[in-house]
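Please read it alongside the sequence and the structure.

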Amino acid sequence: MYQNPLKKTIEYLKGAGPERAKALQSEFGIFRYEDLLQHFPFRYVDKSKFYKVSEISSTDAEIQLKGKIVELEEINQGKVKRLKGKFQDTSGTLELVWFKISTWQKDKLKSDLFKEIVIYGKPSVFNGTYSITHPEIELIEDAKSVSLGLFPVYPSTEKLTKRGITNRVMQKMMQNLFAENIAIAENLPENVLDHFKLIGRNEALKAIHFPKDLNELNAAVRRLKFEEFFFLNLANLSQKAVNKQKNKSNPFPIIGDYFNTFYNEYLPFELTNAQKRVIKEIRTDLRQPAQMNRLLQGDVGSGKTMVALLTMLIAIDNGFQAALIAPTEILAQQHFESITELLNDLDVSVKLLTGSVTKKKRQPILEDLESGELKIIVGTHALLEDNVVFKNLGLAVIDEQHRFGVAQRAKFWRKATLPPHVLVMTATPIPRTLSMTMYGDLDVSVIDELPKGRKPIKTVHKTDAYRLSVFKFIKDEIAKGRQIYIVYPLIEESDKLELKDLMDGYESISRAFPLPEYAISIVHGRQKPADKEFEMNRFKNNETQILVATTVIEVGVNVPNASVMIIENSERFGLSQLHQLRGRVGRGAEQSFCILMTGKKLNDVSRRRIQTMCETNDGFKVAEVDLELRGPGDMMGTQQSGVLNFKIADLAKDKEILYAARKCVEKILEYDPTLSLPINIPTKNFFLENHKDKVGWSQIS
Ligand code: ADP
Ligand code: MG
């Protein structure tokens with residue numbers, strides 16, 4: 001019987017064998033030929049052209065030059081011995097350096113002096129001149145037989161090297177693979193290839209390993225990236241379609257008295273256009289008998305709470321209960337307060353349920369929930385406990401997505417006969433590319449506009465040398481009646497050093513801002529909750545002008561009168577954290593400031609972060625840079641990065657390809673939702689074979 005060689009296990013490949021196969025399996029999950037085929041080079045050695053010395057730039061990787069060595073000099077500086085050579089071509093000279101060189105090699109170099117050679121290596125710049133350390137050297141007569149081209153360099157590990165799988169061996173195995181009669185079938189529809197001018201899969205997979213030139217390589221890379229995004233989106237979007245079919249929920253067709261009365265009579269401000277748009281998106285979802293699964297992204301202060309409230313009112317108008325769940329007690333408390341205040345003149349019952357609500361107070365709340373008397377419940381994880389029973393939960397709003405896993409969300413579902421609609425709110429903007437990938441099976445709404453009249457926060461960077469002028473600035477702001485945050489890096493449970501940082505800072509600030517003129521609060525993660533609350537309240541009530549804190553204030557503090565955020569050692573914070581902290585100010589009518597303090601020396605990444613903060617207030621722009629600097633896995637936390645293990649595509653760089661692939665899949669699913677047309681059959685088969693774990697495809701009917 002014919003068996004596609006791609007399905008053969010790797011040990012049967014010439015050059016592999018059982019031992020190496022084992023290493024390839026454990027290191028890279030390469031089991032079959034087809035897996036090896038997908039083990040892509042991470043870079044190429046460019047032997048496609050000869051560079052001139054005058055063309056070298058500091059960013060070059062390995063390059064190849066033609067010329068001769070015109071000088072050799074041995075240098076002995078104590079223990080350090082090296083051999084230095086001067087390489088010359090028609091455009092200039094370049095230094096060559098060897099450390100620890102054998103006599104044999106030295107003699108060979110000497111005998112090649114003044115002969116035409118090809119050298120190969122990575123140039124580095126030192127004192128304004130370029131040099132190559134340990135270049136590969138070949139006499140031009142020998143080099144002539146070598147074909148010019150790009151040579152693949154494969155990701156490797158120590159274990160692989162130990163098993164003798166050097167890059168060269170890997171190349172050889174890859175060649176052997178192609179030498180067998182493998183049949184690489186196309187997996188994208190032909191009309192897609194045509195439309196996006198993509199090369200075929202067979203051609204692309206050959207070219208990614210052995211490109212003839214850059215053009216061919218680029219075409220292969222583009223094709224394979226597209227393919228990777230295509231199938232990811234196919235998995236996500238078909239999952240979404242399955243969910244819509246499978247996850248029935250109660251439709252909310254009515255916009256009734258609660259919503260209308262509130263909207264027409266008690267809305268304290270006009271909604272921003274973004275808020276209006278999002279409400280519309282939500283209303284469209286809610287009319288359907290399918291469960292809403294919507295992610296609401298919006299920067300700090302963009303007014304997500306109002307959107308949540310209006311959505312809850314729609315639920316109530318349709319005879320259902322609504323729950324709002326927040327990650328911390330402080331946040332839950334705050335939501336509860338602002339919602340209670342907004343609904344003050346409306347006859348809607350709202351209650352708070354957190355871990356610290358006493359048993360005695362808890363009992364009537366639970367009873368009212370079960371009887372349906374209670375319409376809106378705000379709380380923490382405490383809401384997920386089994387003894388919390390709803391009469392008819394119709395909507396769950398979840399604030400701060402990142403801290404809740406899917407499993408926890410599912411718990412909510414079980415609290416109703418039909419799963420409630422779900423609105424997930426996050427103040428951590430993530431780039432569209434990332435949300436498409438991470439939450440590809442959710443719908444996403446974005447509030448990309450702040451309420452009118454907000455003055456953009458001014459952000460500046462100051463080194464410690466400017467501390468005095470920063471203190472002076474603080475005094476001036478306090479004299480105007482403002483309040484100030486000063487934040488130190490997070491205190492870990494065990495981190496005594498950082499606590500010391502905070503305490504030292506607190507002391508020096510107490511000296512610079514002495515009683516009785518100034519009063520200072522201090523808040524950190526190791527305080528007792530009661531102490532923390534006491535200190536926070538003093539600041540909230542404007543009894544203290546300065547709040548010295550760790551990142552515990554990152555979420556959930558709202559003091560509109562505070563207009564200055566000072567972040568100490570800001571180089572130690574990540575971008576999204578800096579942005580979150582900055583969001584604590586700029587909540588009132590006054591001009592607000594964020595001052596990023598750092599030491600004098602900054603590495604490139606810290607510098608870029610600080611620069612970005614100073615340049616923009618836009619959380620989505622900040623997030624784009626964050627994605628670029630950290631990569632998607634780190635940005636989302638490692639537990640979720642599995643989805644983000646791309647073989648070749650790069651979320652930060654390949655936006656255009658991602659959007660194109662997404663659109664393409666959307667279109668296909670629109671006219672052929674089950675991929676049953678002949679032109680789509682190969683794609684369907686490939687998908688079922690390789691991605692079937694990702695979607696209940698068979699359930700699409
Ligand atoms: P976040 O999106 O961070 O949760 P909030 O919902 O807490 O933002 O809103 C921040 C502040 O902006 C609140 O004081 C809220 O009352 C106010 N706000 C919300 N929407 C508007 C609007 N359209 N116009 C004016 N102020 C608004
Ligand atoms: Mg909020």
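In this predicted model, a backbone N or O atom of Gly303 lies 3.1 Å from an oxygen atom of ligand 1.

| Residue | Part of the residue | Atom of ligand 1 | Distance |
|---|---|---|---|
| Gly303 | backbone N or O | oxygen | 3.1 Å |

The ligand is surrounded by 14 residues, of which Glu270, Gly301, Lys304, Thr305 and Arg454 are the closest. Sorted by class, this shell holds six polar, four nonpolar and four charged residues.

A helix pair deserves a separate description. Helix 10, which covers residues 257–266, and helix 12, which covers residues 304–317, have axes that come within 7 Å of each other and cross at roughly 145°. On the side of helix 10 the contact is formed by Asp257, Tyr258, Phe259, Phe262 and Tyr263, while helix 12 contributes Met306, Leu309, Leu310, Leu313, Ile314, Ile316 and Asp317. This contact between helix 10 and helix 12 comprises ten nonpolar residues and two charged ones, with no polar residue taking part.

The loop between helix 18 (496–512) and strand 19 (520–523) contains Pro516, and the peptide bond leading from Leu515 to Pro516 is cis, with an omega near -5°. His134, in the loop between strand 7 (129–133) and strand 8 (136–139), has a phi near 45°, which is a positive value in a residue other than glycine. Asn569 likewise is not a glycine and has a positive phi of about 45°; its place is the loop between strand 21 (562–567) and helix 20 (575–582).

How exposed are these two residues? His134 has a relative accessible area of 42% and is therefore partly exposed, and Asn569, with a relative accessible area of 24%, is also classed as partly exposed.

Another loop residue, Ser48, sits between strand 1 (43–47) and strand 2 (63–77). Ser48 counts as partly exposed because its relative accessibility is 28%, a value that falls between the limits of 20% and 50%. Although Ser48 and Leu150 are 102 residues apart in sequence, their C-alpha atoms are 5.8 Å apart in space.

For the protein chain as a whole, the secondary structure amounts to 24 helices and 22 strands, and the C-alpha trace spans about 95 × 75 × 40 Å along its principal axes. Of the 701 residues in the chain, 50% are buried. The accessible surface of the chain comes to about 34500 Å², with carbon and sulfur atoms accounting for 52% of it. Among contacts between residues at least 6 apart in sequence, 74% join residues at least 24 apart, and the pair of Ser48 and Leu150 shows a sequence separation of 102 residues.

Note on methods:
Residues are numbered from 1 along each chain as its sequence is written. Chains are lettered from A and ligands numbered from 1 in the order in which they are written. This is a predicted model: local features need pLDDT of at least 70, side-chain atom pairs count only at pLDDT 80 or more; totals for chains, interfaces and linings use all residues. Side-chain values use heavy atoms; hydrogens and water are left out. Axes are lines fitted to C-alpha atoms, for helices over the stretch in contact, and angles run from 0 to 180 degrees between N-to-C directions. Helices (H or I, at least four residues) and strands (E, at least two) are DSSP runs, numbered from the N terminus. Contact means heavy atoms within 4.5 Å. Ala, Val, Leu, Ile, Met, Phe, Trp, Tyr, Cys and Pro count as nonpolar, Asp, Glu, Lys and Arg as charged, and the others, Gly among them, as polar. Buried means under 20% relative accessible area, exposed over 50%, partly exposed in between (1.4 Å probe, protein chains only). A residue is near a molecule or strand if one of its heavy atoms lies within 4 Å of it. A polar contact is a pair of N or O atoms within 3.5 Å; within protein, one must be able to donate a hydrogen and the other to accept it, and residues adjacent in sequence count only if both atoms are side-chain atoms. Accessible areas come from the Shrake-Rupley method with a 1.4 Å probe; for residues, only the protein chains shown count as cover.
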